[in-house]
Amino acid sequence: MPAMNEPKLISGNANLTLAKSIARRMSVHRGMAVSLVDARVERFNDQEIFVEVYENVRGEDMYVIQPTSNPANDNLMELLIIADALRRSSADRITAVIPYFGYARQDRRAKARTPISAKLVANLIVEAGIDRVLTLDLHAAQIQGFFDIPVDNLYSAPVFALDIEHHFKGQLQDLMVVSPDVGGVARAREIAKRINAPLAIVDKRREKPGEIVEMTVIGNVAGKKCIIVDDICDTAGTLCKAAEVLIENGAVEVHSYITHGVLSGPAVERVTKSVMKSLVITDSIEPSAAVRGAPNIRIVPTAPMFAQAILNIWSGTSVSSLFETDTLVPIYEGMYQRG
């Protein structure tokens, strides 16, 4: 049965811009004003987090919008403490909307005596009283199984495919989708299938983390406009090196579509100076001033997709329908015209 109460949104400090955008999009979809629940999420002098919700949430269907991006620990604790405040205030259901799920890269024991931090974070979220998770492009799909609650994992591939078709109109036959490593082939293949483009792989060999010894291109990229597809761009070292290798192998242009623009340390400077003509990211992580000012970085909004996903969860309808192009085109209100 669909919920009778209207969905209510609350946000931490991690990406308040995105939270407000989601509220605006839900207002458009619903035809009635949707705003963030009035609350304060602040710090004591010793940096302890304090949350106070000013509105009645008893029996409400609550959605906490909070990516666990940098600073990951602070933002994660904000999410947990907000959830605790809502649970103790008798909210009926609490859904954590986590556009970027931090610690997702630690999803297995690659070496002896290392943690599986993604599982630990999943346990913390469940123990905090959260009933459901809505996220975007988990680094590893199996992380959904770390939770004992429902997890809806949205995908950027359908939106990225629309963006590629729009910005490369009339040039689709010249495109080659590239996975920057063997592990990302499935993600790249999904976009390649949607735009009917061939697929290549950049195989890299490491001696130790962060140090690439050799890169080899699997596939013929000569004369192609290459589009690198991945879920996370952190320091951008591997991405920029992959772009150089593709150019050396005959590619005429290199563009990148990355879901989560972590872009830490020297990343923005590297991207700006790289051979890449463009880097397209989503706003799952609050873009810094440097990211917004970079001439070859462009941001694709996720608010339309998240707003519709929240409404679908609230009404008990399909979330997986958002994986279909025909569903996304009207949601993005003509931003991407097909044909």
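**Entry 1: T216**

I started with T216, which counts as partly exposed because its relative accessibility is 36%. My cut-offs are under 20% relative accessible area for buried, over 50% for exposed and partly exposed in between, with a 1.4 Å probe and protein chains only. T216 sits in strand β10, residues 211-218. Helices (H or I, at least four residues) and strands (E, at least two) are DSSP runs, numbered from the N terminus. Leaving out neighbours within four places in sequence, I found T216 in contact with I201, V202 and D203; contact means heavy atoms within 4.5 Å. I also checked T216 against Q106, 110 residues away along the chain, and got 26 Å between the C-alpha atoms.

**Ground rules**

I am working on a predicted model, in which local features need pLDDT of at least 70 and side-chain atom pairs count only at pLDDT 80 or more, while totals for chains, interfaces and linings use all residues. Residues are numbered from 1 along each chain as its sequence is written, and side-chain values use heavy atoms, with hydrogens and water left out.

**Entry 2: the whole chain**

I counted 10 helices and 14 strands in the protein chain. A compact globule of 339 residues would have a radius of gyration near 20 Å, and the chain has 20 Å, so the two agree. That radius is taken over C-alpha atoms, and the globule rule is 2.2 Å times the number of residues to the power 0.38. The C-alpha trace spans about 60 × 50 × 35 Å along its principal axes. Of the 339 residues, 51% are buried. For contacts between residues at least 6 apart in sequence, 64% join residues at least 24 apart.

I then looked up charge: the mean positions of the 36 positive and 40 negative charges are 4 Å apart. Lys and Arg count as positive and Asp and Glu as negative, with His and the chain ends not counted; each charge is placed at NZ of Lys, CZ of Arg, CG of Asp or CD of Glu.

**Entry 3: S27**

Next came S27, in helix α1 (residues 16-30). Its side chain reaches the backbone oxygen of A23 at 2.9 Å. A polar atom of the S27 side chain also lies 2.7 Å from the backbone nitrogen of V34. Not counting residues up to four places away in sequence, S27 touches M32, A33 and V34.

**Entry 4: helix α4**

How many of the 11 residues of helix α4 are buried? I get 9, so this helix (residues 157-167) is largely enclosed by the rest of the structure. Among the buried residues of α4 are F160, L162, D163 and E165.

Most residues other than glycine have a negative phi, and most peptide bonds are trans. I went looking for exceptions.

- The peptide bond from N70 to P71 is cis, with omega near -5°. P71 is in the loop between β4 (61-65) and α2 (72-88).
- D137 is not a glycine, yet its phi is positive, near 45°. D137 lies in the loop between β6 (132-136) and β7 (151-154), and counts as buried because its relative accessibility is 7%.
- N196 also has a positive phi, about 55°, without being a glycine. I placed N196 in the loop between α5 (185-195) and β9 (199-208). With a relative accessible area of 70%, N196 is exposed.

Definitions and conventions:
A polar contact is a pair of N or O atoms within 3.5 Å; within protein, one must be able to donate a hydrogen and the other to accept it, and residues adjacent in sequence count only if both atoms are side-chain atoms.
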